[in-house]
Amino acid sequence: MGENGPSPGVFFLALMLVGFLAVAAWEHLRPWQAASPQLGGRWATNFGLWVCTHVSGYAIVPVAGIVTAWCLSATPWQGLQAVGSPLWLQAVLLFVALDAARWASHAAMHRWAWLWRIHRVHHSDVAFDVTVGVRFHPAEALLYACVTAALVASLGVNLWAVLAAEAVFILHNLFCHANARLPARAERWLSPWMVTPDLHRVHHAEEPALYNLNFGTVLSVWDRLAGTLRRVEGADHAALGFGVQALDSSWTRSLPQLLVLPLRAERKTAPQPQNTA
Ligand SMILES: [Zn+2]
Ligand SMILES: [Zn+2]
């Protein structure tokens with residue numbers, strides 16, 4: 001990205017908008033489920049959160065990698081570049097390493113209570129569509145930015161390799177949140193290797209037994225290796241509900257409430273039935 005070229009931030013924003021429009025068109029043409037009744041309010045809330053997160057952090061997930069690669073070029077440590085790795089190999093190695101690190105970070109967010117408080121903002125939407133792909137709390141974006149910067153620095157890759165790898169993550173994130181389904185044959189072929197909307201939809205299910213599965217970002221192989229990959233088929237898939245049961249639904253609808261959601265404690269138990277005796 002020279003002085004006359006677009007900045008990485010503008011490139012990622014343009015990619016994001018093109019990807020969003022493509023997935024929204026796919027949802028319109030082949031919807032998995034009728035659009036949720038609160039569509040307008042959800043889109044406004046999710047986009048509001050995206051603007052906050054983009055301004056304060058989301059943009060720095062991909063840009064953190066670019067800035068790290070720039071800084072790296074001024075240091076003696078050149079990592080993969082020092083051993084003459086071609087650009088495509090640097091991009092592939094970075095992509096696989098980032099995807100594995102994001103799988104581990106995602107699993108950690110479900111395991112550790114204080115990280116779950118941040119990540120549950122993403123899970124708290126009661127519907128599943130492409131707008132959920134931009135519903136992340138700024139604190140989660142900052143955590144991913146740190147992981148990305150650490151990996152780019154330790155591998156020592158060229159900034160173009162970072163750009164290529166992050167472009168895949170941005171487009172796939174929108175794709176896997178689509179309220180749409182792949183043709184059955186494509187789903188069978190792809191899902192053992194890559195996270196599809198059907199696989200990620202299971203991860204957004206409101207039942208804890210399901211949302212603690214399918215942690216993959218782009219590749220589903222890490223879940224296969226860890227024994228956490230699960231497909232839910234047929235009527236069970238059609239009956240999936242979304243959201244976090246332990247959260248009061250009034251806490252998850254508006255932008256200000258989502259921003260402070262990490263500070264709220266979950267209900268310990270479901271509401272008890274009234275004793276009418
Ligand atoms: Zn999750
Ligand atoms: Zn998701």
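Before going on, a word on the model. It is a predicted one: local features need pLDDT of at least 70, side-chain atom pairs count only at pLDDT 80 or more, and totals for chains, interfaces and linings use all residues. Residues are numbered from 1 along each chain as its sequence is written, while chains are lettered from A and ligands numbered from 1 in the order in which they are written.

Now the overall picture. The chain has 14 helices and zero strands; here helices (H or I, at least four residues) and strands (E, at least two) are DSSP runs, numbered from the N terminus. Of its 277 residues, 36% count as buried, that is, with 20 or more other C-beta atoms within 10 Å of their own, C-beta atoms being placed from the backbone. Take the contacts with a separation of 6 or more: 75% of them join residues 24 or more positions apart. A contact means that two C-beta atoms, placed from the backbone, lie within 7 Å.

Back to α5, residues 87-111. Its buried residues include Leu 94, Leu 98, Asp 99, Arg 102 and Trp 103.

One partner of α5 is α7 (residues 138-155): the axes come within 10 Å and cross at roughly 145 degrees. Axes are lines fitted to C-alpha atoms, for helices over the stretch in contact, and angles run from 0 to 180 degrees between N-to-C directions. Among the residues making this contact are Leu 94, Leu 98 and Arg 102 of α5 and Tyr 144, Val 147 and Leu 151 of α7. The contact divides into 11 nonpolar residues, two polar and one charged. (Ala, Val, Leu, Ile, Met, Phe, Trp, Tyr, Cys and Pro count as nonpolar, Asp, Glu, Lys and Arg as charged, and the others, Gly among them, as polar.)

Then there's α6, residues 113-123, whose axis comes within 6 Å of that of α5 and crosses at roughly 105 degrees. The two are therefore roughly perpendicular, a label for angles of 65 to 115 degrees. Ala 108, Met 109 and His 110 in α5 meet Leu 115, Trp 116 and His 119 in α6. This contact has four nonpolar residues, two polar and no charged.

His 119 is also one of the buried residues of α6, along with Arg 120, Val 121, His 122 and His 123. The buried residues of α6 pack against α5, α7, α11 (208-211) and α14 (255-260).

Notes. A residue is buried if 20 or more other C-beta atoms lie within 10 Å of its own, exposed if 12 or fewer, and partly exposed in between; C-beta atoms are placed from the backbone. Angles under 35 degrees count as roughly parallel, over 145 as roughly antiparallel, 65 to 115 as roughly perpendicular and the rest as oblique.
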